[in-house]
Amino acid sequence: MTTDSILSVRDLQTAFFTDKEVIRAVDGVDFDLAPGTTTGIVGESGSGKSVTARSIMGLVESPGRILDGSSIRFEHADTVREFAERFPERAVTVGSDAASTAVADPDGDDPSALYDHPRVDESDCIFVTEGDASDPSTIEDGFVELTRCTGEVQRAMRGGRIAMVFQDPLTSLNPVYTVGNQIEEALELHQDLSGQAATREAISLLEDVGIPDARRRVSEYPHQFSGGMQQRAVIAMALACDPEVLICDEPTTALDVTIQAQILDLLADLQETRDLAIMFITHDMGVIAEIADRVNVMYAGEIVETAGVEELFAAPKHPYTRGLLEAIPGRHGGERLRTIEGSVPTPNEPATYCRFAPRCPEATEECSKIHPDAVPIDGGDGDHTAACLLYPEELPTEATLERHLEAGVETDAEPGAKPDTSGRPTRGDD
Ligand SMILES: Nc1ncnc2c1ncn2[C@@H]1O[C@H](COP(=O)(O)OP(=O)(O)OP(=O)(O)O)[C@@H](O)[C@H]1O
Ligand code: NI
């Protein structure tokens, strides 16, 4: 199993500037996606899951925008090489200076450090860290900064390297074209295939996603497909561009349980055969248990806990995660199903306190005064973190609170930069 990340999200902040208020839909989120791995994002309605996905896809619409200091890096050398060739005016070498930046910022986590580089200007979004941007054949490493992608580069990323599957398949399928036409269009756009070659590939993709009698069905219209088959067709369309990353936003929520299980199996198969990095959004802990390798639990714009899936289910730490787990039907045989009372607040002011506190059975007075920082559980390496004043457990209460207070002060002193990277989810050799 690989531990390299292909998509690295750091201090992502996406806000909607409405007449009434600023909604901090995503408020300082860090996580990585790795090839061959499914990362689940779970949380109740309104927690910021979809806005996280849309931020990665470059689909945040006005009055929303991604705030400065946010970083979403697509770390894929082949893409950097290809894009540097296609979009030379948007590519920049940050090699040697990035190396000196790396001394000041050993994890390379502070995106602003790199962009302060004098040769980086507004339109740059393809960064070469090893090699020379003006001679793509020399490129060994680098990344595409998705928060800066616009125009053609963005279109090449979206649906090209990163594809998305939505809850309702009909938002992705055009009713007036056959399913085959739509897959062929994607193939032409992203893989330069046309005519019979494209049709053959479309049929083969439909077979890959488990659509029986693909040869006939390729020329049918979306309405001739059942809901489950439509979602399979959408997945085939997503795969037509041979993406590295697949983002699934509740792709099975509208389907009945049997079909849902089949689609989850299909995604697991595809992830393995294509070494996809999948980000899977759901509000259903049962679905998470089935599909995810890693889990990020989101609440009111923040990741409140992250862990490997087995660890999360065996030893959930954040009271919110525990609440979500207690709400899974059948998990507490016979017991009455419990849900967390109340609902997710709209994050419309900076987080200077714990946003879950008003609903938390374990909240203390401090929770309304101190913003909890994500701390490693059991003194670990950050593979499992919880943003809650109950942790780190091994410290006395005073020192624990001090730990969170300090993190808050640092963040306030340097808006945009996030010097504390202890909450950074890293994948160990598990
Ligand atoms: N276009 C918009 N304008 C204003 N606020 C928005 C907009 N889109 C999302 N929001 C707000 O951002 C917050 C996060 O929404 P998001 O859709 O990401 O939640 P979610 O976790 O995906 O929920 P669900 O499970 O219901 O899909 C919510 O408070 C929502 O009201
Ligand atoms: Ni959503």
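Modeller: Here is a predicted model, and our questions and answers follow.

Biologist: How are helix α9 and helix α10 oriented to each other?

Modeller: Two packed helices are described by the angle between their axes and the distance between the axes. For α9 (residues 227–239) and α10 (residues 257–274), the axes are 10 Å apart and the angle is about 15 degrees. Angles under 35 degrees count as roughly parallel. The two helices α9 and α10 are therefore roughly parallel.

Biologist: Into which classes do the residues of the contact of α9 with α10 divide?

Modeller: The α9 side of the contact includes Gly227, Gln231 and Ile235. The α10 side includes Ile259, Gln262 and Leu266. In this contact, the residues divide into 6 nonpolar, 4 polar and 1 charged.

Biologist: How are α6 and α7 oriented to each other?

Modeller: Helix α6 (residues 179–191) packs on helix α7 (residues 195–208) at about 115 degrees, and their axes are 9 Å apart. Angles of 65 to 115 degrees count as roughly perpendicular. So α6 and α7 are roughly perpendicular.

Biologist: Which residues of α7 meet α6?

Modeller: The crossing of α6 past α7 is right-handed. From α6 come Gly180, Ile183, Glu184, Leu187 and Glu188. Their partners in α7 are Ala198, Thr199, Glu201, Ala202 and Leu205.

Biologist: Which element gives the largest share of the shell around ligand 1?

Modeller: The shell around ligand 1 has 15 residues, and the closest are Ala25, Ser45, Lys49, Ser50 and Val51. Two elements, β2 (22–33) and α1 (49–57), each give two or more residues to this shell. The largest share, 3 residues, comes from α1.

Biologist: Is Val165 buried or exposed?

Modeller: Val165 sits in strand β9 (residues 162–165). Leaving out residues up to four places away in sequence, Val165 touches Val234, Ile235, Ala238, Leu246, Cys248 and Pro251. A residue counts as buried if 20 or more other C-beta atoms lie within 10 Å of its own. Val165 has 25 other C-beta atoms within 10 Å, so Val165 is buried.

Biologist: Which residues of helix α2 are buried?

Modeller: Helix α2 covers residues 77–86. Its buried residues have cover that includes β5 (71–74), β6 (91–93), β7 (126–130), β8 (141–145) and α5 (151–157). The buried residues of α2 are Thr79, Val80, Arg81, Phe83 and Ala84.

Biologist: Where is Pro392, which Tyr391 joins through a cis peptide bond?

Modeller: Most residues other than glycine have a negative phi, and most peptide bonds are trans. The bond between Tyr391 and Pro392 is cis, with omega about 0 degrees. Pro392 is in the loop between β15 (385–387) and α14 (397–413).

Biologist: Is Asp213 exposed or buried?

Modeller: Asp213 has a positive phi of about 60 degrees, although it is not a glycine. Asp213 lies in the loop between α7 and α8 (214–217). Asp213 has 10 C-beta neighbours inside 10 Å, so Asp213 is exposed.

Conventions. Residues numbered from 1 in each chain as written. Chains lettered and ligands numbered in written order. Predicted model: local features only at pLDDT ≥ 70, side-chain atom pairs only at ≥ 80, totals over all residues. Axes fitted to C-alpha atoms, helices over the stretch in contact; angles between N-to-C directions. Helix = DSSP H or I, 4+ residues; strand = E, 2+ residues; numbered from the N terminus. Parallel < 35°, antiparallel > 145°, perpendicular 65-115°, else oblique. Contact = placed C-beta atoms within 7 Å. Nonpolar A, V, L, I, M, F, W, Y, C, P; charged D, E, K, R; others polar. Near = placed C-beta within 6 Å. Buried ≥ 20, exposed ≤ 12 C-beta atoms within 10 Å, placed from the backbone. Left-handed = near helix turned anticlockwise from the far one by under 90°.
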